[in-house]
Amino acid sequence: MTTLIDQTAPKLSPKDFVSDQDVRWCPGCGDYSILKQVQTVLPDLGRPKEEFVFVSGIGCSSRFPYYMDTYGMHSIHGRAAAIATGLKSSRPELSVWMISGDGDSLSIGGNHFIHLLRRNLDINVLLFNNQIYGLTKGQYSPTSEEGKVTKSTPMGSIDHPFNPIALSLGADATFVARTMDRDPKHIQQMLRRGYDHTGTSLIEIYQNCNVFNDGAFEVFTEKTSKKNETLFIENGQPLIFGENNDKGIILDGFKPKVVNLTEGYSAADCWVHDEQDQVKANILARFFDNPNIEGHLPRPFGVFYAIPRPTYNDMLNQQIAFAIEKNGEGNLDKLIAGKETWTIN
Amino acid sequence: METTEEQILESVVIRFAGDSGDGMQLTGTQFTNAAAMYGNDLATFPDFPAEIRAPQGTLAGVSGYQIHFGSKKINTPGDTCDVLVAMNVAALKANIEQLKPGGTIIVNSDGFDSKNLRLANVPEDQNPLENGSLDKFEVKKLDITKITRLALADSGMGTKEIDRTKNMFVLGLIYWMYNRSIDKSIEFINSKFKNKPQIADANIKLLKAGYHYGETTETFNSRYEIKAAEMPAGVYRSIMGNQALAYGLVAASVKSGLPIFLGTYPITPASDILHELSKYKNFGVRTFQAEDEIAGVCAAIGASYGGSIGITTSSGPGIALKMEAIGLATVLELPLVICNIQRGGPSTGLPTKTEQSDLMQALYGRNGECPVPVIAAATPLDCFDMAFEAVRIAAQHMIPVFLLSDGYIANGAEPWCFPQSKDLPEIKIDFAKATEEKFMPYARDEKLSRPWAVPGTPGLEHRIGGLEKQHITGNISYDAHNHEFMVKLRQEKVDKIADEIPLQTIDNGPEKGEVLIIGWGSTYGAIKTAVGALVLEGKSVAHAHIRYLNPLPKNIGELLKNYNKVIVAEMNNGQLIKILRDRFLVDAIGLNKIQGQPFTTEEIKTKLSEILG
């Protein structure tokens with residue numbers, strides 16, 4: 001949603017978005033970085049503070065609204081999407097943000113999550129994915145890898161994990177992106193993109209739980225491995241990665257392949273990212289290999305897919321406007337009397 | 001042709017019964033409208049299977065519609081019927097017990113062939129039309145199927161389509177029998193089949209055929225006249241409970257200035273409220289058919305947070321799913337109206353049958369100490385007032401309110417001397433505005449209600465959530481004493497509502513006496529009729545009907561002491577009785593029926609007579 005910046009309003013600073021509550025996440029938690037980036041980006045959006053609403057479910061990440069000096073609701077497990085839907089449908093002028101985690105949105109709230117995406121309400125969804133249940137102290141989550149040993153899976157998890165990007169595309173989301181807690185600039189970039197998108201913006205954020213699942217995303221976030229293991233995608237740009245930007249992705253039919261740009265291939269041969277290409281977005285979403293497997297593909301970060309589609313909130317309110325235009329403002333006496341009456345004297 | 005004899009009757013009960021695909025509900029509602037327009041008082045009882053098209057010809061597939069209309073005050077659809085229309089063997093078998101001795105049966109003889117006998121589990125040699133079992137009734141045997149097919153032989157329509165119009169023949173015939181005009185039904189057919197003129201013509205043809213059949217054949221030697229009832233002067237319409245409930249919500253929205261947001265999921269018998277409200281978008285009504293029951297109530301909570309009146313509608317199984325969210329709304333202290341159109345339970349239970357077994361669920365069905373106001377509509381008309389009241393309490397007290405109705409009143413119809421908008425009270429709502437003082441989201445007014453501060457209001461940015469609140473600040477608090485204080489405070493907030501609700505009155509009978517019968521919800525009509533009859537006989541029996549179940553009216557305890565015996569009549573295994581015993585230590589006697597069917601007047605009279613001795 002793009003709003004004209006009100007030049008007369010006092011410029012807000014990140015501090016204006018810090019609430020008076022002590023932040024109670026564990027020291028070293030990836031959530032701190034995400035909170036800071038949100039507080040950094042919001043003042044630049046040119047909206048008064050009272051127009052922002054943060055709605056969350058249950059879990060570590062869902063404490064987020066308490067730390068924002070905006071309107072906020074910390075609701076019940078998995079239901080933030082439904083609550084945000086009611087709010088945005090009835091108050092479309094508000095900037096509604098949903099804060100959720102992998103357990104909250106992909107397990108108990110999975111149903112609301114996919115329906116939010118298909119309806120395309122204009123809500124920004126920040127999905128903190130740490131691949132573990134933190135608040136309940138360390139059970140596997142629906143994004144934990146197979147074989148994961150946790151308190152509830154002493155012999156290893158036998159659940160096949162969700163791929164949140166593929167799930168979102170499958171639910172016909174209109175904006176799908178991935179970023180990571182350790183890359184503040186990239187988070188900010190994704191937050192701005194998500195905010196500017198009209199429709200549900202799904203931003204998956206790889207977030208380290210240093211207490212129960214430390215290092216889950218290390219291979220993507222650590223300097224030593226990041227360049228070889230990640231693929232930062234940008235619209236209209238070729239898919240290039242690697243220590244010296246020396247690797248690229250080509251499409252062999254529908255099959256993606258890593259090629260060496262120093263040996264026979266050039267950037268011009270590489271797959272050029274197109275955010276509006278649904279087929280290719282689905283192929284990119286499947287770059288989800290275990291990084292320990294030989295010949296695996298790098299993990300993409302950035303906007304996978306972004307297309308315009310009418311939002312549920314706009315269409316609902318258009319129907320109301322149309323009904324008023326067509327039938328006039330509701331007249332209670334006419335409604336109650338109905339079409340057939342009789343008089344007793 | 002002999003002239004038919006005209007008889008004047010005070011009231012008549014007709015029961016239309018057929019296969020669920022036979023159009024008996026439509027026939028019943030059309031006749032109801034005609035009776036209402038004529039000025040009769042009336043009550044109706046649709047009784048249909050849960051399956052849309054249950055196996056044809058079987059007992060499970062029988063759909064019934066009973067109407068009781070008269071020139072006197074009518075409170076119930078009637079215990080037994082004077083006229084039974086039976087479109088097949090199964091319909092006859094399922095309803096014959098409800099027919100009064102000497103009553104009239106109109107049967108479609110085509111529905112009594114060997115196939116229909118087999119489907120209804122009636123031995124071939126036991127055809128009720130031939131074995132004399134109906135001798136004590138007046139049986140009118142008509143081959144309605146044959147007549148219909150003949151009438152439409154040249155219509156170019158298929159047999160299946162033709163057969164579908166046979167209910168119109170029945171309707172026309174009944175119109176003739178009771179001296180009613182077919183004009184309104186012709187208008188209705190023309191409007192319903194606006195784009196299918198062939199179907200419209202066929203239906204009208206059969207409607208007229210039925211009427212003329214009565215007029216020209218000598219099958220019926222009497223015709224009946226039921227004069228208009230003496231009802232208070234005014235403008236009337238006919239209305240069903242769910243419709244009245246929807247209107248009550250819209251009226252409260254208009255009178256409060258709060259736009260309606262309905263978050264819901266289809267479920268029998270509540271879905272009609274969604275259908276109804278979805279038509280009123282020009283009132284600013286937003287309806288959201290959610291992915292499930294939980295999303296329905298949660299979206300309503302989100303909308304209430306934003307300054308709408310959030311409403312959710314459902315029945316028992318759906319309410320069970322919503323309970324966690326209702327607990328959230330209780331702690332958030334946001335307005336929310338939960339309409340439970342009760343049906344037989346537990347689990348999926350009896351979806352299309354009526355019961356009052358969710359009272360305990362409404363009162364106690366949440367985790368933690370989680371009191372909420374509970375009110376119940378007594379009649380189809382009362383659904384309007386109580387829906388209005390539910391919105392008022394929810395919005396003025398910042399609290400979720402349960403409104404209980406049930407399948408019986410939801411689908412039952414009554415004539416309604418409807419109110420004018422100007423006569424309805426305003427519902428005053430004050431949204432919070434910033435002041436110089438720091439905003440305290442959990443500060444309270446004299447009702448113990450907290451401010452409604454909607455997003456978008458400058459200076460009132462605050463956070464709310466399901467974790468326990470610190471008194472006044474609303475910050476998270478795990479303090480032991482604060483929790484106990486807040487639990488008691490939320491209880492007191494509900495209790496204080498008793499300050500503004502009406503005191504309990506005695507509906508009928510002496511202020512002091514031998515027996516008091518207490519009812520709540522849809523049992524009103526049956527109790528009223530039974531008590532009315534006994535009072536006329538000079539019996540010391542009174543009737544009180546409770547509409548406010550939590551908090552209870554302040555004078556209930558005193559009132560109970562004025563009678564030697566207290567009976568609590570409920571369509572459950574004894575729920576309100578437990579509340580009354582708990583609160584007032586009264587040794588009440590239960591009168592319970594759990595058959596998916598409303599009480600008959602006779603059942604209540606019998607019990608009362610037994611207690612009166």
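**Figure 1. Strand pairing between chain A and chain B around H74(A).** In this predicted model, H74(A) stands opposite G465(B), a residue of strand β17 of chain B. The two strands concerned, β2(A) and β17(B) (residues 463–465), run parallel and are joined by three bridges. On the side of its own chain, β2(A) also pairs with strand β1 (residues 52–56) of chain A, and here four bridges join the two strands, which run parallel. Within that pairing, S56(A) is the residue that stands opposite H74(A).

**Figure 2. The two faces of strand β2 of chain A.** In a regular strand the side chains alternate between the two faces of the sheet. Which residues of β2(A) point one way, and which the other way? Y71(A) and M73(A) point one way, while G72(A) and H74(A) point the other way, and all of these residues are buried.

**Figure 3. The contact between chain A and chain B.** To this contact chain A brings 52 residues, and chain B brings 57 residues. On the side of chain A that touches chain B, the elements that each supply at least two residues are β2 (71–74), α2 (80–90), α4 (110–119), α10 (312–327), α11 (332–337) and β14 (342–344) of chain A. The element that gives the most to this side is α2(A), with eight residues. When the residues on the side of chain A that touches chain B are sorted by class, there are 22 nonpolar, 21 polar and nine charged residues.

**Figure 4. Helix α1 of chain A and what covers it.** In helix α1 (residues 31–41) of chain A, the buried residues are D31(A), I34(A), L35(A), Q37(A), V38(A) and Q39(A). The elements that cover these buried residues of α1(A) include β4 (123–129), α6 (184–196) and β8 (201–206) of chain A.

**Figure 5. Two loop residues of chain A with positive phi.** K137(A), which is not a glycine, has a positive phi near 75°, and its place is the loop between β5 (132–133) and β6 (139–140) of chain A. Is K137(A) buried or exposed? K137(A) has 11 other C-beta atoms within 10 Å, and it is therefore exposed, since a residue counts as exposed if 12 or fewer such atoms lie within that distance. N245(A) is not a glycine either, yet it has a positive phi of about 50°, and it lies in the loop between β10 (240–241) and β11 (247–252) of chain A. With 12 other C-beta atoms within 10 Å, N245(A) is exposed.

**Figure 6. Chain B and its domains.** Chain B, which has 20 helices and 22 strands, is divided into domain 1 (5–225), domain 2 (237–423) and domain 3 (513–612). The C-alpha centres of domain 2 and domain 3 of chain B lie 26 Å apart, and the contact between these two domains takes 22 residues from domain 2 and 20 residues from domain 3. On the side of domain 2 that touches domain 3, α13 (359–364), β14 (374–376), β15 (400–406) and α15 (407–411) of chain B each supply at least two residues. By class, this side of domain 2 has 14 nonpolar, five polar and three charged residues.

**Figure 7. The largest nonpolar core and a separate core in chain B.** In soluble globular proteins, nonpolar side chains tend to be buried together. The largest nonpolar core has 198 residues, and those that touch the most other members are I301(B), V337(B), A387(B), V391(B) and L403(B). Helix α14 (residues 382–397) of chain B gives the most to this core, with ten residues. If its neighbours within four places in sequence are left aside, L403(B) is in contact with V337(B), I338(B), C339(B), I375(B), M386(B), A387(B) and A390(B).

**Figure 8. Two cis peptide bonds in chain B.** One cis peptide bond joins T268(B) and P269(B), with omega about 0°, and P269(B) is placed in the loop between β10 (260–264) and α10 (271–277) of chain B. Another cis peptide bond joins N550(B) and P551(B), with omega about -5°, and P551(B) is placed in the loop between β20 (548–550) and α18 (556–560) of chain B.

Definitions and conventions: Residues numbered from 1 in each chain as written. Chains lettered and ligands numbered in written order. Predicted model: local features only at pLDDT ≥ 70, side-chain atom pairs only at ≥ 80, totals over all residues. Contact = placed C-beta atoms within 7 Å. Nonpolar A, V, L, I, M, F, W, Y, C, P; charged D, E, K, R; others polar. Pairing = 2+ DSSP bridges. Domains from an automatic or database assignment. Core = buried A, V, L, I, M, F, W, Y, C linked by C-beta atoms within 7 Å. Buried ≥ 20, exposed ≤ 12 C-beta atoms within 10 Å, placed from the backbone.
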